[in-house]
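Good morning, and thank you for coming. Please look at the sequence and the structure as I show them, and I shall then describe some of the side-chain contacts.

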Amino acid sequence: MAIQKKSWRPWAIAAVVVALVAGAIAFQFHRGAAGGGAVKTVTIAGIAYPYQGQQVYNGLTGVVIRQGWLKGELAKRGIQLALTPVPTAVGGPLINEGFSGKRIDFASYGDFPAIIAISGGVPLKLVAPLGQGQNSYLVVRNGLAANSIKDLKGKRIALHRGRPWELTFSKLLDANGLKLTDFTIVNINPSATPAALASGNVDATFLLSDGLLLEQRGVGRVIWSTKQAPADWRMRAELFGRGDFVEQNPELTQIVVNAFVRAAAWSAQEENRLEVTRDASRGALPVEIVTKDYAESGISWRDRFSPLFTPNVAGHYRSVADYTFARGLVRNKVDVDALIDERFVPKALHDLKLDGFWQAGPAAAAVPAVSTGKRS
């Protein structure tokens with residue numbers, strides 16, 4: 001009973017946040033949509049964190065905002081740039097709602113929620129890859145004698161359902177002949193997880209880089225990470241556009257993609273590594289945790305920000321589409337060929353004189369076969 005009482009509260013809070021933010025989005029974009037005709041506003045949603053009294057956007061979206069190039073290029077055409085901050089606790093579902101209601105035009109977010117949206121009938125287009133994926137971590141509470149996922153059978157695991165890392169967790173279970181029903185899954189968001197783990201209300205949790213933070217704070221210990229798995233298991237995030245907007249406004253889509261490729265090229269330069277790392281830590285994680293997480297991936301700094309449509313990208317999304325459908329996580333299988341739109345990145349690279357800046361070969365470093373034991 002104690003678990004149930006603690007597990008519903010984050011969802012109640014999340015529901016309120018969704019309602020408030022969705023209402024704000026609807027009000028903000030109703031004015032532009034009601035007029036019809038030419039595009040007056042290009043809307044980009046992105047994960048954001050409160051930091052020093054303001055919303056700080058995550059990843060390349062934050063770089064695009066600071067560079068100001070996109071805002072300026074749109075202004076030359078009499079178009080405003082509107083930015084919608086999305087709390088990480090409700091990121092994927094809220095972005096999907098915005099796409100479905102045609103209140104946003106682009107968003108940088110994860111593969112799993114995007115596949116859920118497309119399967120549900122939202123016509124998204126993947127217009128630019130945004131790097132090589134993020135690690136996930138399996139963390140157990142202090143004092144628990146467990147060194148692998150198999151040791152956790154029958155235990156209570158905190159997992160925020162519907163988030164990108166759930167797919168990685170499902171693959172880990174499959175690789176070990178396990179099912180979700182072999183565990184008591186406690187559906188809480190990452191912000192509520194440290195208290196649940198420290199109090200013993202859950203025995204383990206599955207998170208992104210905040211799993212390393214739990215270990216640093218002495219709340220638990222990491223016993224597995226995607227460092228021990230195929231590169232395809234890492235959660236990816238891309239720049240997605242609303243399909244009808246992309247088809248009707250290819251010139252504006254090109255400008256948006258150009259802005260994100262510019263931001264990727266800036267971030268990929270070695271001299272900007274420290275600033276990028278600091279940006280990634282603002283309002284979320286200490287710099288040392290971000291640095292450690294980057295090191296765990298084994299990917300070169302430049303390749304980390306590659307926007308190229310390598311075979312790995314299409315292969316990853318085919319894997320996600322196949323897996324989510326086969327496991328009943330979505331009702332309709334997603335057509336990856338229809339999802340991926342490769343028109344814009346090559347032109348962006350040419351326009352920005354970045355041909356050859358990233359190599360077209362496999363960007364991800366080789367990784368070992370799936371390991372079920374403690375990480376090295």
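I begin with a salt bridge, that is, a side-chain nitrogen of Lys or Arg within 4 Å of a carboxyl oxygen of Asp or Glu. One joins the side chains of K102 and D244, at 3.1 Å from N to O. These two residues come from distant parts of the chain, 142 residues apart: K102 is in the loop between α4 (91-100) and β4 (106-110), and D244 is in helix α9 (residues 243-248). Helices (H or I, at least four residues) and strands (E, at least two) are DSSP runs, numbered from the N terminus.

Please note that this is a predicted model, in which local features need pLDDT of at least 70 and side-chain atom pairs count only at pLDDT 80 or more, while totals for chains, interfaces and linings use all residues. Residues are numbered from 1 along each chain as its sequence is written, and side-chain values use heavy atoms, with hydrogens and water left out.

A second salt bridge connects R141 and D203, at 2.9 Å from N to O. R141 lies in strand β6 (residues 137-141) and D203 in the loop between α7 (193-199) and β9, so this pair ties together parts 62 residues apart in sequence. Are the two partners buried or exposed? Buried means under 20% relative accessible area, exposed over 50%, and partly exposed in between (1.4 Å probe, protein chains only). R141, at 22%, is partly exposed, whereas D203, at 3%, is buried. In total, the count comes to 21 salt bridges.

I turn now to aromatic rings. Rings of Phe, Tyr and Trp (its six-membered ring) pair if their centres lie within 6.5 Å; planes under 30 degrees apart count as stacked, over 60 as edge-to-face, and the rest as tilted. The structure holds 11 such pairs. The ring centres of F206 and W224 are 6.1 Å apart and their planes are at 25 degrees, so this pair is stacked. F206 and W224 are both buried. For F357 and W358, the centres are 4.6 Å apart and the planes at 80 degrees, so that pair is edge-to-face. R302 also lies over the face of F357, 3.9 Å from the ring centre.

Finally, the nonpolar core: a set of buried Ala, Val, Leu, Ile, Met, Phe, Trp, Tyr and Cys residues joined through side-chain atoms within 4.5 Å. The largest one has 88 residues, and W358 is among those with the most contacts inside it. Helix α10 (residues 250-268) gives the most to this core, with 11 residues.

Notes:
A charge sits over a ring if NZ of Lys or CZ of Arg is within 6 Å of the ring centre and within 35 degrees of the ring normal.
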